[in-house]
Amino acid sequence: MDKFDLTIESELADTLQNIYANFLNNDVDKVSIVELKKKYNRVEYAQFLKGKKLYQSRKKWIEKNAYAESIIIEDETYEMLHFDSIVFDFKYKGIDKEFIQSEIFLDSTATRMALTEMFTCSQNEIIDLCYNPEYAVIFYNSKGEVSGIYEICFECSNVKIGIIGTAMFAVNLPYLNSLFETYMRN
């Protein structure tokens, strides 16, 4: 990737590598890491319900403390069902920024290392699927608009990526985990 002085060596099919390279070179200007607001937690909800009788207060609590497994907004089904080895079921439309709790923009060194890990790592078959993403990497274009997202669940090691379409796979991300450990988990 010329823009970030990256060389991505991957097991990914050529077509998908070209899609990623095109995205990074043309649609990414800045990169941030974000912490997402907590997903609805049944134990916390049970604690909240003690002594509560009104439906409206329950509804407000759920709206405030929940999001549907991903903040990625998907569009209609993708006309091309696959690009070589990766299946994009739906077109990527955007993200629900309401669930971003905190955000830190990465410097050029951290950006290069994070991108290398995200796009060079080998993708594994999904084995466990709790998928409770608490963190994500957000990509911004030169206009400051969100151009993509790399959402992460460190509990089950699954990620969901939204660029031109959305794809989900399992992956090990030690460098990104250390970034979130340093900047987000206090």
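Modeller: The model is a predicted one. The protein has five helices and ten strands, and 42% of its 186 residues are buried. Among contacts with a separation of 6 or more, 65% join residues 24 or more positions apart. The accessible surface is about 10,500 Å², with 47% of this belonging to carbon and sulfur atoms.

The largest nonpolar core holds 32 residues, and Met-118, Phe-119, Val-137, Phe-139, Tyr-150 and Leu-176 have the most contacts inside it. At least two residues of this core come from each of helices H1 (14-27), H4 (108-120) and H5 (174-183), and likewise from each of strands E1 (30-36), E7 (135-140), E8 (146-153), E9 (158-162) and E10 (166-170).

Within the largest core, Met-118 is one of the residues with the most contacts. Residues up to four places away in sequence aside, Met-118 touches Val-137, Phe-139, Tyr-150, Leu-173 and Leu-176.

Strand E9 also contains Asn-158. Asn-158 counts as buried because its relative accessible area is 0%, under the 20% cut-off. Beyond its neighbours within four places in sequence, Asn-158 is in contact with Ile-126, Asp-128, Leu-129 and Tyr-131, with Glu-151, Ile-152 and Cys-153, and with Met-168, Phe-169 and Ala-170.

Definitions and conventions
Residues numbered from 1 in each chain as written. Predicted model: local features only at pLDDT ≥ 70, side-chain atom pairs only at ≥ 80, totals over all residues. Heavy atoms only, no water. Core = buried A, V, L, I, M, F, W, Y, C linked by side-chain atoms within 4.5 Å. Buried < 20%, exposed > 50% of the residue type's maximum accessible area, 1.4 Å probe, protein only. Helix = DSSP H or I, 4+ residues; strand = E, 2+ residues; numbered from the N terminus. Contact = heavy atoms within 4.5 Å. Areas by Shrake-Rupley, 256 points an atom, 1.4 Å probe, with all protein chains shown as cover.
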